Amino acid sequence: MHYYANTLAAFYEKHRHPIQAESMSKYMRNHFDFFGIRHPDRRKLDRAFIKQHGLPELDDTEQVIESLFELPQRECHYFAMEIMKKMEKNWTENSLRSIEFMITNRSWWDTVDYLSSNLSGSFFKKFPALITEKTGNWNKSNNIWLQRSSILFQLKYKESTNTELLEKYILRHQHSKEFFIRKAIGWVLREYAKTNPTWVVQFCEKVELSNLSRKEALKHLKS
């Protein structure tokens, strides 16, 4: 366990709120423990912690992130994602290891959605040569969270969306029974419809999608 992670956990412990912790855990279907620090308060605490302790050394980042994910409290996992984002200007191609680690460990929608649309999306804009290989591997993976990330990494790309790749990744999972995959398909199409509604409507007309995916995709296009 890296000392930086232990220091953060001790800092959060001073602000533990047991009643809120129980409520937050229930909201996440009891998959995770919590200190009970709600988002607005945690953001303030995180700023104070970073002001006092700084960000991890660049060479220690991967170890710090893995140590934070070893801790049971969900707030530590959120902090790991946030420091990764704050260190974006220093990312290298190897930084994808940490992003992929977070996607595949302690996985649930609350972390994976941020990791895919924010961290992965930003990473592949910085290293576009890796998109085809890496996201292709994710899409073909048996891990549903990697599959979801391969579909959602372009969520904020707007006009830069590679529709050929998006279509390919959706078609591979169009018959998936997984709720989180069906939801991801609908979500990314709904978001892209804000940029190119014609493409989304035509895609939904020619492709067989689950009712959930189709409903989500066309939510703001058809009454």
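## Positive surface patch

Patches are built from residues with over 30% relative accessible area and no salt bridge, with like charges joined within 9 Å and nonpolar side chains (Val, Leu, Ile, Met, Phe, Trp, Tyr) joined within 5 Å. Lys and Arg count as positive and Asp and Glu as negative, while His and the chain ends are not counted. The place of a charge is taken as NZ of Lys, CZ of Arg, CG of Asp or CD of Glu.

The structure is a predicted model, in which local features need pLDDT of at least 70 and side-chain atom pairs count only at pLDDT 80 or more, whereas totals for chains, interfaces and linings use all residues. Residues are numbered from 1 along each chain as its sequence is written, and side-chain values use heavy atoms, with hydrogens and water left out.

On the surface, a patch of positive charge is formed by Arg43, Lys44, Arg47 and Lys86. Helix α3 (residues 39-53) supplies the largest share of this patch, 3 residues; helices (H or I, at least four residues) and strands (E, at least two) are DSSP runs numbered from the N terminus. Lys44 belongs to helix α3 and is exposed, its relative accessible area being 54%. Here buried means under 20% relative accessible area, exposed over 50%, and partly exposed in between (1.4 Å probe, protein chains only). The areas come from the Shrake-Rupley method with a 1.4 Å probe, and for residues only the protein chains shown count as cover.

Ser25 is located in helix α2 (residues 18-27) and counts as buried at 11% relative accessibility. Setting aside neighbours within four places in sequence, Ser25 is in contact (heavy atoms within 4.5 Å) with Asn30, His31, Phe32 and Phe34.

Ser107 occupies the loop between α6 (96-104) and α7 (109-126). Ser107 is also buried, with a relative accessible area of 19%. Residues up to four places away in sequence not being counted, Ser107 touches Phe32, Arg74, Val112 and Trp145.

## Salt bridges between helices

The whole structure contains 13 salt bridges, each defined as a side-chain nitrogen of Lys or Arg within 4 Å of a carboxyl oxygen of Asp or Glu. One of them joins the side chains of Arg148 and Asp113, at 2.9 Å from N to O. This pair links distant parts of the chain, 35 residues apart, with Arg148 in helix α9 (residues 144-152) and Asp113 in helix α7. Arg148 is buried, at a relative accessible area of 2%, and Asp113 is buried at 14%.

A salt bridge also connects Glu167 with Lys206, whose closest N and O atoms are 3.3 Å apart. Glu167 lies in helix α10 (residues 163-172) and Lys206 in helix α12 (residues 197-206), so the pair ties together parts that are 39 residues apart in sequence. Glu167 is partly exposed, with a relative accessible area of 21%, whereas Lys206 is exposed at 58% relative accessibility.

## A salt-bridge network

Salt bridges link Lys183, Arg190, Glu216 and Lys219 in a network. Within this group, Lys219 pairs with Glu216, the closest N and O atoms being 3.5 Å apart. Lys219 is partly exposed, with a relative accessible area of 41%, while Glu216 counts as buried at 7% relative accessibility.
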